[in-house]
Amino acid sequence: MLTVDPPAINPTSHATFFSSQSRNRKSKPMDQQQHQHIVSDEVSVNGVKTSLTLSTDGILCWFDRCLFVEKQVLGLLISGRLITIKALVKTGGDGFGCSGRRNLVRKSFVFESVSDDSLRNLYEKIQGYIDSLGRPKKLFIFVNPYGGKRSASKLFMNEVKPILEDANVEFTIQETKYQLHAKEVSRSLDLTKYDGIICVSGDGILVEVVNGLLEREDWATALKMPLGVIPAGTGNGMIKSLLDSAGEPCTPAHAVLAAIRGHKRSLDVATIWQGETIFFSVLMLAWGLISDIDIESEKYRWMGSARIDFYALKRILRLRKYNGCIHFVPAPGFEDVGEESSSCVDSMEPLKPRLHGYQGPMVDFQSFNWRKLNGPFVSVWLHNVPWGAENTMAAPDAKFEDGYLDLIVMRQCPKLALISLMSELDNGGHVKSPYVVYIKVKAVILEPGTRTDGSTKEGIIDSDGEVLARGKGTYKSDLKSLMVYDKLQVVVDQGLATLFTPA
Ligand SMILES: Nc1ncnc2c1ncn2[C@@H]1O[C@H](COP(=O)(O)OP(=O)(O)OP(=O)(O)O)[C@@H](O)[C@H]1O
């Protein structure tokens, strides 16, 4: 029997829920909300009769309980006279709140319908609403068994797959077998078969996918394919940045939900080049202290996560400084930082035409007002998004698609101040230090030099967690890297890639 009864909402017990709704959308009077129903029908839950109502606002209610379909409902199942609603709800309490930073758990709500007709009608109306949300139907998923704590495969089976199944999302899985495998696959993947690519990994696989897509002939269309990350690496800076920007914790469940809901946002991509070698970066580039800590602390891997703090302290106590120069094109508002640098544009090497894919940013460098900062430097960091790792808010003002990179430079800094500054990396407070230059830039020419201690030793340049260049006398300097420790150029392209985003 189909009825149009008002839903069984108890406005008092759901005050929090509705107040969080009204923050997100223009609020309407409560009784007006209650009467706009897509469907309302009699069902029973554990033998007790109630109305199950879906309002035009996408709120599903029965008894005094509500679910926000867009944010919480994964999918539906019917069997016999039963309709099961699969949802992801917050842990603790009854799980119905929409705010807070608690983790999400899968929950099933079972309703018995009074007749086959009403069951079908309920199913069609609720499923129709879910279909209207434009969620992805088929995903291609990379799983990197090698990343982070080597637990990506287990995490996929236990935490990701069940949610995708509840949401009726089809998927194809590809375990990465070696370095650059994800790049290779992305270069030739038939993208027409998928609505998105997900990386169960750290940032490394995401970067490989972006680089692979940019090597395709159809790169412009390929870059519209939304990419997602489920945190299973060491740093996980990109997914931390995305979830944090929506006030959500960086957990696999929140990350899967972000992909399933299908919201998208653009992401700036930085082109880094040196001669004929090119690399596309989505996260960051580091030279000096941060890169030395990241890369050289590898030799203390046996210490677990303590290796970073231990090695950071060691490096600060025996602080290195590097000679060199950074030329940059400042964003509006930062034109007075540094000194004028007129000569560098002449020495800017043009991007060499490539056989396939994206040819790099089309920018007239002569038209820019170049500035420069001279060394010695303790640390140079270029950041595309706020978080470099789950515990490192490197660039608190960085935006995903503003067309600029955040440049964080440290030159002189007393050791004690440096220790306190490093302890603020988890909240972004370091950028307020008088020892830090923090600006936004459109393009950079980095000229890295030797250490200032009189030795001929050089440094390491790291981008998105991978070593771009190892200078003379550095850790594992005999290993081959993509570029040489010499001048390199960086230009950012606004909103070139596309990401799944929680909000
Ligand atoms: N089967 C494999 N064996 C060895 N290396 C692999 C394999 N699959 C992928 N890789 C490489 O693993 C590297 C690290 O991957 P990933 O980013 O997932 O983890 P991470 O480095 O621990 O995390 P983060 O980048 O967030 O710090 C990538 O450079 C990738 O090329």
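A helix axis here is a line fitted to C-alpha atoms over the stretch in contact, and the angle between two axes runs from 0 to 180 degrees between N-to-C directions. Keep that in mind for the helix pair described first below. The model is predicted, and its chain is divided into domain 1 (15-131), domain 2 (138-262) and domain 3 (273-494).

**Helices 11 and 12**

- Helix 11 (residues 289-296) packs with helix 12 (residues 306-317) at an angle of about 135°, and their axes are 9 Å apart.
- Helix 11 is therefore oblique to helix 12.
- The crossing of helix 11 past helix 12 is right-handed.
- On the helix 11 side, Leu289, Asp292, Ile293 and Glu296 make the contact, and they meet Ile308, Tyr311, Ala312 and Arg315 of helix 12.
- Sorted by class, this contact has five nonpolar and three charged residues, with no polar ones.

**Where domain 1 meets domain 2**

- Nine residues of domain 1 are in contact with 13 residues of domain 2.
- Strand 5 (73-79), strand 6 (82-90) and strand 7 (104-113) each give two or more residues to the side of domain 1 that touches domain 2.
- That side of domain 1 has four charged, three nonpolar and two polar residues.

**Around the ligand**

- The ligand has 23 residues around it, and those that come nearest are Gly147, Ser201, Gly202, Gly204 and Gly233.
- Helix 7 (residues 203-214) gives the most to this shell, with four residues.
- By class, the shell around the ligand has 14 polar, five nonpolar and four charged residues.

How values were computed: Residues are numbered from 1 along each chain as its sequence is written. This is a predicted model: local features need pLDDT of at least 70, side-chain atom pairs count only at pLDDT 80 or more; totals for chains, interfaces and linings use all residues. A residue is near a molecule or strand if its C-beta atom, placed from the backbone, lies within 6 Å of it. Ala, Val, Leu, Ile, Met, Phe, Trp, Tyr, Cys and Pro count as nonpolar, Asp, Glu, Lys and Arg as charged, and the others, Gly among them, as polar. Domain bounds come from an automatic or database domain assignment. Two residues are in contact if their C-beta atoms, placed from the backbone, lie within 7 Å. Angles under 35 degrees count as roughly parallel, over 145 as roughly antiparallel, 65 to 115 as roughly perpendicular and the rest as oblique. A crossing is left-handed if the near helix is turned anticlockwise from the far one by less than a right angle, and right-handed if clockwise.
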